[in-house]
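Me: I have just opened this one and would like to go through it slowly. Can we take the strand pairing as our way in?

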Amino acid sequence: MPLHKGPEKPDERPMSVNPFFGDANPLGDMTEAPPKHRLPDRPLTPTIAYQLVHDELMLDGNARLNLATFVTTWMEPQAGVLMAECLDKNMIDKDEYPRTAELERRCVAMLADLWNAPDPGAVVGCSTTGSSEACMLAGMALKRRWTQRNADRYPGARPNLVMGVNVQVCWEKFCNFWEVEARQVPMEGDRFHLDPQAAAELCDENTIGVVGILGSTFDGSYEPIADLCAALDRLQERTGLDIPVHVDGASGGMIAPFLDPDLVWDFRLPRVSSINTSGHKYGLVYPGVGWALWRSSAELPEELVFRVNYLGGDMPTFALNFSRPGAQVAAQYYTFLRLGREGYRAVQQTTRDLARGLAERIEALEDFRLITRGDQLPVFAFTTAPHVSAYDVFDVSRRMRENGWLVPAYTFPANREDLSVLRVVCRNGFSADLADLFLEDLGRLVPQLRRQPHPWTRDKQAATGFHH
């Protein structure tokens, strides 16, 4: 969560409020807003409190027009009702809410089957607040397994984790918080994610694991997980080092099983020890749920697991958070039941078709060059064509925002800091009609941008709108 400071100046003059906010007496109930940075002296009526908060939130962007986020911005009304019914259920109280705990267990079993676990009954897993927490848990398990194998050298030796420079920021947080050296494979040329052989060359006796990304947030491309495992197999043959792989399938973990069933990236690969995904991304649930699964209990050290009383029995738990609502888990189970394999396939195919079609139509404007085409994740990145000099991607992002569209513009990391792109994430709820409106707005904007004397962006780092 972002860190916030207290107010840097006294409360500004209270603003006038519509007197009709008053429930009974429009003149006597309420004519001034309460203070913003301290508790008001007296209570407000529910209607007034709601209206004040509601009106301020109207200034937020429209989530459906946010093409930066991977997070689900639309669900069926029935799912919303179900979530409202479960908001007061605390997921950690599994003895008080045993059916919610059972739904969580069923979701883990469904994911184990979806990700081709050789023995689904041996898989252990849990829900989390999102894929970031799931990644933290997976990293903790990797580090603990390494420390057990190297008890004679740790804490003297410093563990490391190998990954591409394109990883989501949660992996950098993990390495920082848990004192693990982050060894990152840089981008090179038109390769915008990890190179398997380069990753293997960074491994040594202190490597706790390698992270493979099934769907890079920078451009929507899959990393070659099978090739990565093969490179680590060859490394083990040469050196004896047995390096496990964690697959960060935050988005692709709920795309590839339905649209790319022949792609081998999951528990079919013996070296893959754990996988995570975001239920609130292409799992199609509102924000607040992720999933982490381990091939078997051998991959999750027992000392990391806490046990709570569950209907007089034993309920193991593994989490960074404690209290959190059961609503998102209930919504995930609802979505699994509602769609099934064929329903998920239809939804994900629609978003991929939409991404590919929109990418092609943007390319046809001739002012842009596609970096990716939306044929893996339903996500594509594009930059300005070589002949365009009057504007840059940051100008496009800023001007599209004037029409309500949130399109991130950002610069790639090492060694491609020279490349700045726009990225479009197509999600369920971003319809063909909305795609047409987006293209119409972009098409009207391009002639105006061509008339600029030069790009207006001075500080690209300050201008970036990149959001994972």
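Me: Which residue is the bridge partner of Ile-213 in S5?

Reply: Keeping in mind that this is a predicted model, the partner of Ile-213 in S5 is Asp-248.

Me: And how many bridges join S4 to S5?

Reply: Strand S4, residues 207–213, is joined to S5 by four bridges, and the two strands run parallel.

Me: Which helix does the chain go through from S4 to S5?

Reply: The chain passes through helix H7, residues 225–239, on its way from S4 to S5, and this β-α-β crossover is right-handed.

Me: Are the faces of S5 covered or open?

Reply: Both faces of S5, which spans residues 245–248, are covered: Val-245 and Val-247 are buried on one side, while His-246 and Asp-248 are buried on the other. Asp-248 is also the residue that bridges to Ile-213.

Me: What about S5 and S6, how do they pair?

Reply: S5 pairs with strand S6, residues 272–278, in the parallel sense over four bridges, and within S6 the bridge partner of Val-245 is Val-272.

Me: Zooming out, what is the strand order in the sheet?

Reply: It is an open sheet of seven strands in the order S1-S7-S6-S5-S4-S2-S3, and the pairing is mixed. The edge strands are S1, residues 124–128, and S3, residues 181–185, each of which pairs on one side only. On average, neighbouring strands of this sheet are turned by 20° against each other, if direction is ignored.

Me: How does S3 pair with S2?

Reply: Strand S2, residues 160–164, and S3 pair in the parallel sense over five bridges, and Gly-164 has Val-185 as its bridge partner in S3.

Me: Back to H7, which strands does it touch?

Reply: H7 packs on the sheet and touches S4, S5 and S6, with a direction that makes about 155° with that of S4.

Methods: Residues are numbered from 1 along each chain as its sequence is written. This is a predicted model: local features need pLDDT of at least 70, side-chain atom pairs count only at pLDDT 80 or more; totals for chains, interfaces and linings use all residues. Side-chain values use heavy atoms; hydrogens and water are left out. Buried means under 20% relative accessible area, exposed over 50%, partly exposed in between (1.4 Å probe, protein chains only). Two strands pair if DSSP finds at least two bridges between them. A crossover is right-handed if, with the strands pointing away from the viewer, the path from the first strand over the helix to the second runs clockwise. Axes are lines fitted to C-alpha atoms, for helices over the stretch in contact, and angles run from 0 to 180 degrees between N-to-C directions. Contact means heavy atoms within 4.5 Å.
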